[in-house]
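Okay, thanks for making time, everyone. Let me put the structure up, and then I'll walk you through a few pieces of it.

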Amino acid sequence: MDRHPAAPVERCAVTPYGRGAGSSRVRVFGWLDRVDAEFTVGSYLSQPDASPARLARHPLAVARAEARLAALARSRPRRLLLHREASPLSRGWWEERLLAGAEFAVYDFDDALMWDHGEGGALRRLAPKSAKARLAVRRADRVVAGNAVLADWAARHQRDVVVVPSCVDLADYTPKSRYALHDPPRLGWIGSRGNEAYLLSIAAALTEVHRRTGARLTLVGTTTPTLGALEAIVDRVPWSTATQRAALAGMDVGLMPLPDTPYSRGKCGYKLLQYAAAGLPAVASPTGVNAELLTRFGMPAPRTPDEWTDALLGLLDAHPDTRARTGRAARATTARAYSYDAWLPAWTAALELDTGVQVRGPAGRPAPEPAGRGRAR
């Protein structure tokens with residue numbers, strides 16, 4: 001928490017992670033950086049994640065974070081933005097207190113948390129995200145969902161739901177200027193350790209493409225080997241804003257494999273948007289919102305290992321001008337339809353910040369009229 005509130009605060013944002021986590025950076029900090037409105041920001045431990053191992057290493061910090069949530073709940077903020085969850089230890093009590101106590105409360109989520117029932121560890125079973133998400137959707141005055149799949153579910157529990165996609169700032173990405181293949185070709189992926197295992201679903205295709213072309217795989221995000229035999233063709237790059245710029249612009253083809261599961265169908269396609277922002281041609285599974293993005297970007301949408309092999313070889317064998325047209329068109333589409341500038345009016349309207357709040361940067365599309373403001377309790 002940035003400060004310990006002793007009196008009611010005008011605007012407050014609560015998120016389980018700091019700026020180092022993609023979800024909080026994209027869904028909270030990226031917007032707050034664009035409005036001239038003071039927010040008290042609580043990010044629990046201000047760490048890139050709230051994994052059980054990290055919590056166990058910082059027991060005093062966890063105790064302080066829980067105490068700050070109690071103080072914030074007592075302060076009854078006038079306007080509250082809650083992203084995902086208030087505390088990884090909560091079974092819903094903090095989320096309920098914060099949302100019910102605020103004069104106007106907005107709940108934002110960008111993953112299928114309602115289908116996360118606690119698989120993967122004791123802490124997740126003790127404090128499953130599914131129950132918290134359902135409670136938060138019901139208790140909020142308004143819900144901001146990252147895509148239509150999430151919004152459709154939220155609308156079963158809340159009458160006021162707005163879709164605002166996860167957006168990119170094109171200024172954060174160096175556009176590709178060279179579309180001739182590297183030697184060897186560079187396939188690329190960006191993400192967190194928790195999602196890296198999805199690459200194993202296309203291991204056969206990656207191995208075959210490497211056999212035929214010598215292509216290697218650049219991973220931006222983690223430096224710990226987790227992919228077994230694939231590690232022989234993997235080059236790892238730790239994430240930072242600077243390495244992200246250089247690495248994405250230096251790839252030949254981006255990758256985003258996803259399983260076709262309820263949880264994956266709730267994802268917001270952010271990797272594809274990052275590739276597009278860099279003007280990078282990509283191949284992705286047509287799961288959830290990915291299907292719409294791939295259609296708009298004119299990029300391959302394979303489902304089977306053989307289709308993945310054919311799609312990757314097709315892009316690598318294509319003329320550089322073909323890859324350039326695909327990448328540049330995707331970047332232009334992203335600027336029009338998936339950038340912060342395009343969606344800032346809609347986001348400020350969803351938080352009812354459009355009166356008396358100055359917006360930084362050019363305005364994009366007109367803000368949609370929000371639905372009613374009633375609480376669903």
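Before the first helix, one definition: the expected span of a helix is 1.5 Å times one less than its number of residues. And keep in mind that this is a predicted model.

So, take helix α14, residues 320–337. With 18 residues at 1.5 Å a residue, α14 should span 26 Å, and since its end C-alpha atoms are 26 Å apart, the two agree. Which residues of α14 are buried? Arg323, Ala324, Thr326, Gly327, Ala330, Thr333, Thr334 and Ala337. As for what sits over them, the cover includes α11 (270–277), α12 (290–297), α13 (305–317) and α15.

Now α15 itself, residues 340–350, which also meets helix α1, residues 22–32. The two axes come within 11 Å and cross at roughly 85 degrees. We call anything from 65 to 115 degrees roughly perpendicular, and α1 and α15 are therefore roughly perpendicular to each other. On the α1 side you've got Arg25, Val26, Arg27, Gly30, Trp31 and Leu32, and they meet Tyr340, Trp343, Leu344 and Trp347 in α15. By type, the contact residues are 7 nonpolar, 1 polar and 2 charged.

If you zoom in on β8 (residues 186–190) and β11 (residues 253–256), they run parallel and 2 bridges join them. Look for Gly188 there, standing opposite Gly254 in β11.

Conventions:
Residues are numbered from 1 along each chain as its sequence is written. This is a predicted model: local features need pLDDT of at least 70, side-chain atom pairs count only at pLDDT 80 or more; totals for chains, interfaces and linings use all residues. Side-chain values use heavy atoms; hydrogens and water are left out. Axes are lines fitted to C-alpha atoms, for helices over the stretch in contact, and angles run from 0 to 180 degrees between N-to-C directions. Helices (H or I, at least four residues) and strands (E, at least two) are DSSP runs, numbered from the N terminus. Angles under 35 degrees count as roughly parallel, over 145 as roughly antiparallel, 65 to 115 as roughly perpendicular and the rest as oblique. Contact means heavy atoms within 4.5 Å. Ala, Val, Leu, Ile, Met, Phe, Trp, Tyr, Cys and Pro count as nonpolar, Asp, Glu, Lys and Arg as charged, and the others, Gly among them, as polar. Two strands pair if DSSP finds at least two bridges between them. Buried means under 20% relative accessible area, exposed over 50%, partly exposed in between (1.4 Å probe, protein chains only).
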